[in-house]
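My notes follow the display.

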Amino acid sequence: MVYFQWIAGTILALAWVSRIVDAALGMPSVADISRPEWDRTRVAPAGESRVTVIVAARNEEEHIRETLTRLLALEYSNYEIIAVNDRSTDRTGGLMDEIAATSAAHQRLTVVHIQELPAGWLGKTHAMWTASQRATGDWLLFTDADVLFKPDTLRRAIAYGEASRTDHVILFPRMIMHNPGERMMMAFFQTLFIFGHRIWKVADPKTRDYIGVGAFNLVRRSVYDAVGTYRALRMEILDDMKLGKIVKAAGFTQRGVFGEDLISLRWAKGAFGIVDNLTKNFFALLSFQWWRTLGSIFAVAFLNLGPFFGVCLAHGWARAPYAAALASIFMIYCGMSSLSVVRPYYFLLHPVSTSLFMYILLRSMVHTLWNDGVIWRGTKYPLDQLRKGLV
């Protein structure tokens with residue numbers, strides 16, 4: 001029994017300590033475009049790259065007015081906005097038209113209304129593709145209908161993209177969190193993200209690491225066309241991440257960047273709001289395979305709960321590697337606190353958020369298999385089509 005405790009503890013310590021060391025060495029190389037050096041002096045419109053901002057929305061009447069209003073206030077001269085109303089049953093389409101009719105939106109905002117979804121497409125990917133067919137920009141910025149932009153966001157991102165000769169720029173958003181449940185779950189996901197995604201390696205062409213964020217995927221139009229446009233992702237639930245995957249796989253340059261609150265959004269309301277939002281995602285992330293899902297649940301439990309149980313149940317010095325793993329997790333929470341409102345003491349709720357995440361994995365699998373597909377914003381997408389459309 002003591003040997004097992006040592007073996008399990010050593011595995012956990014190596015996993016977490018190696019990740020925190022890797023992150024400590026790599027994270028400083030990730031640019032922060034909110035820093036003064038990226039606040040480049042605006043040049044004449046003739047010298048600015050043309051940018052098309054694409055916003056797809058379905059039943060987003062709560063957010064769409066503020067989102068479009070802020071986009072219309074961007075401090076950048078040479079850009080257009082294409083907002084797509086994807087079969088909304090609420091006031092989203094009407095609000096889009098109302099905003100487009102204002103003087104501020106004159107010749108800047110185009111509204112596209114989609115009434116029917118063609119076979120073989122997800123609603124969002126079809127909306128993105130439809131808008132991109134009308135785009136005139138040298139860069140395409142794909143964003144969501146609930147993202148709030150600061151006026152200088154676009155000019156900083158373009159300045160960085162062109163100065164670094166990057167083909168795909170991903171800006172991480174500041175999450176707006178109003179209660180402890182949201183902070184607890186976001187802290188867990190950020191910890192899991194750091195463990196599973198080496199964002200500092202995304203820029204390295206020798207690695208397979210990639211990234212994509214629905215809130216801010218800025219890609220050169222020529223690159224977007226070269227990787228097959230959104231047609232290549234037409235049945236991908238995780239379209240934002242998979243856009244990053246196909247860009248990286250095709251050999252183009254990609255970088256993730258920080259930006260404090262250059263963009264922000266409230267992802268969900270409460271811990272169980274996050275559970276609901278992610279139910280459609282994680283079985284897709286695991287390629288709709290039940291055995292991978294069950295294996296992932298076990299791995300998540302071992303990696304995240306193991307250090308807590310080990311410190312309590314192991315004997316003598318056998319507790320040492322579990323303590324090292326716990327210290328590494330706590331250091332990740334401390335690091336996150338410098339980038340968000342989540343304080344380090346949320347580390348104490350890590351076992352609770354881990355249990356909820358295991359529930360999300362199981363719930364995602366059960367719901368998808370039970371429904372023989374994914375029901376997303378009122379539309380059912382059959383499981384066999386989703387499996388065939390995986391990238």
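These entries cover strands, cores, a helix and a surface patch.

**Entry 1: the model.** I am working from a predicted model.

**Entry 2: strands 1 and 2.** I looked up the pairing of strand 1 (residues 51–57) first. Strand 1 runs parallel to strand 2, and seven bridges join them. I found Ile-54 opposite Ile-82 in strand 2. I then checked the cover on strand 2 (residues 79–86) and found eight of its eight residues buried. Tyr-79, Ile-81, Ala-83 and Asn-85 point one way from the strand, while Glu-80, Ile-82, Val-84 and Asp-86 point the other way. Both sets are buried, the charged residues Glu-80 and Asp-86 among them.

**Entry 3: nonpolar cores.** Which residues touch the most other members of the largest nonpolar core? I noted Val-51, Leu-68, Leu-109 and Phe-189, in a core of 95 residues. Helix 6 (residues 180–196) gives this core its largest share, eight residues. Another core, of 23 residues, lies apart from it and includes Val-84, Ala-131, Leu-140 and Val-219. I also listed the contacts of Val-51 beyond four places in sequence: Tyr-76, Asn-78, Tyr-79, Glu-80, Gly-137, Trp-139, Leu-141, Leu-154 and Ile-158.

**Entry 4: helix 5.** Leu-154 and Ile-158, both touched by Val-51, are buried residues of helix 5. Is helix 5 largely enclosed or open? I count it as largely enclosed by the rest of the structure, because nine of its eleven residues (153–163) are buried. The buried ones include Arg-155, Arg-156 and Tyr-160. After the helix comes Arg-165, and I noted its positive phi, near 55 degrees.

**Entry 5: surface patch.** I then turned to the surface. Trp-290, Trp-291, Leu-294, Leu-362, Val-366, Leu-369 and Trp-370 form a nonpolar patch there, with about 830 Å² of accessible area together. Helix 11 (290–313) and helix 13 (350–371) are the elements that give two or more residues to the patch. The largest share, four residues, comes from helix 13.

**Entry 6: two residues compared.** I picked Leu-369 in helix 13 and Thr-293 in helix 11. Leu-369 has a relative accessible area of 42%, so I class it as partly exposed, that class lying between 20% and 50%. Thr-293 has 1% relative accessibility and therefore counts as buried. Beyond its neighbours within four places in sequence, Thr-293 is in contact with Phe-283, Leu-286, Leu-361 and Met-365.

Definitions and conventions:
Residues numbered from 1 in each chain as written. Predicted model: local features only at pLDDT ≥ 70, side-chain atom pairs only at ≥ 80, totals over all residues. Heavy atoms only, no water. Buried < 20%, exposed > 50% of the residue type's maximum accessible area, 1.4 Å probe, protein only. Patch = residues over 30% accessible without salt bridge, like charges linked within 9 Å, V, L, I, M, F, W, Y side chains within 5 Å. Areas by Shrake-Rupley, 256 points an atom, 1.4 Å probe, with all protein chains shown as cover. Salt bridge = Lys/Arg side-chain N within 4 Å of Asp/Glu carboxyl O. Core = buried A, V, L, I, M, F, W, Y, C linked by side-chain atoms within 4.5 Å. Contact = heavy atoms within 4.5 Å. Pairing = 2+ DSSP bridges.
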